[in-house]
Amino acid sequence: MEVVISLKNISKIYDNKIRALDNVSLEVKAGETIGLLGPNGAGKTTLMRIIAGQLQPSSGEGIVLSKNLRELLRSEERFKLSYVPQENIFWPNLSVEENLWMMGAMYKIPKKELRDRIKKLLEEYELWEVRKRLARKLSGGMQKRLSIVMGLINDPEILILDEPTTGLDPAMRASVIGLLEKLNSLGKTILISSHIVEDIERLCERVVIMDRGRIIADAQPMELKIKITGREVLEVLFNEIDKEVLEKLGRIAEERGMARAGYKIIIKGDDLIALSNEIRNDKALYENVITLSIRKSTLEDVFLFLTGRLIGG
């Protein structure tokens, strides 16, 4: 497959001397759906804005849709890319339909073509019934849906979505996830950033994990879990954790690998059933345990073992 995004040693340092990106290299092939996962401040938004041509890197080189990053916004290729930020991008006092007409006019789409495209998008993404409603009067989920559909008005080859499900209640989030699953089938190149692990695991065939401006892992979700944590982990929630608890667990877990998140300890490795039995058999240790369970590993566990903290941290 053709490489449509190629970044080499991209760094971004803001005027306040904060290094938002630190020697990031990334290749994305046409048709891939890639999730950028990491905590707030990891550099995800900065990376996306650089790919979209909205920010220039402090150093490094990049090619997007055959154009150098520094030339992208002056080229016709800019019309083949859409960036939907975390904030809604509609005009609140225009109707749903008027918003799409306005966005289409900015892309200089011919009037008849634009009319047909608007009708198709409104019907396909379940906004037809509210097409005359002012954008500011839509529910939160509908507003997010409208923002994403506005990013589709130019039929982009690359669609970049920054935190598309953040701040939505479960029903609204499920609605937006359904929309994104539809987009997965279109063969477009899609980049989705999030710190919501379940969304990335559900939508993306490849995951790029970022922390402190660097890419620390890049692979398929299952490949990452098998490599870093294994398919299952032992999770132990304690009433309190002191030095003695950590020392005992360290002796029991031996070389398996152990990570801490607050009052929770995650242990990876082989024969987790035997390990859980050892903890149960240690009366002094087990009386401090609230819950103890073996469960499937997650990308959150992967991140915890790679960085020592949770994605939301």
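Modeller: Two strands count as paired if DSSP finds at least two bridges between them, and strands (E, at least two residues) and helices (H or I, at least four) are DSSP runs numbered from the N terminus. This is a predicted model, in which local features need pLDDT of at least 70, side-chain atom pairs count only at pLDDT 80 or more, and totals for chains, interfaces and linings use all residues. Residues are numbered from 1 along each chain as its sequence is written, and side-chain values use heavy atoms, without hydrogens and water.

Colleague: Which residue in S13 does leucine 234 stand opposite?

Modeller: Strand S11 (residues 232-238) and strand S13 (residues 264-267) run antiparallel and are joined by four bridges. The residue in S13 opposite leucine 234 is isoleucine 267.

Colleague: Which strands stand at the edges of the open sheet?

Modeller: The sheet has four strands with antiparallel pairing, in the order S12-S13-S11-S14. Each edge strand has a single partner, so one side of it is left without a neighbour in the sheet; these are S12 (258-261) and S14 (289-296).

Colleague: Which element gives the most to the lining of the largest cavity?

Modeller: A cavity is a set of points on a 1 Å grid over the protein atoms alone where a 1.4 Å probe fits but cannot get out, and its lining residues have an atom within 4 Å of a point. The lining includes Pro164, Ile192, Asp199 and Leu203. Strand S8 (189-194) and helix H6 (197-203) are the elements that give two or more residues to this lining. With three residues, the most is given by H6.

Conventions
On a 1 Å grid over the protein atoms alone, a cavity is a set of points where a 1.4 Å probe fits but cannot get out, and a pocket is an open set with protein on both sides within 12 Å along at least five of seven lines; lining residues have an atom within 4 Å of a point.
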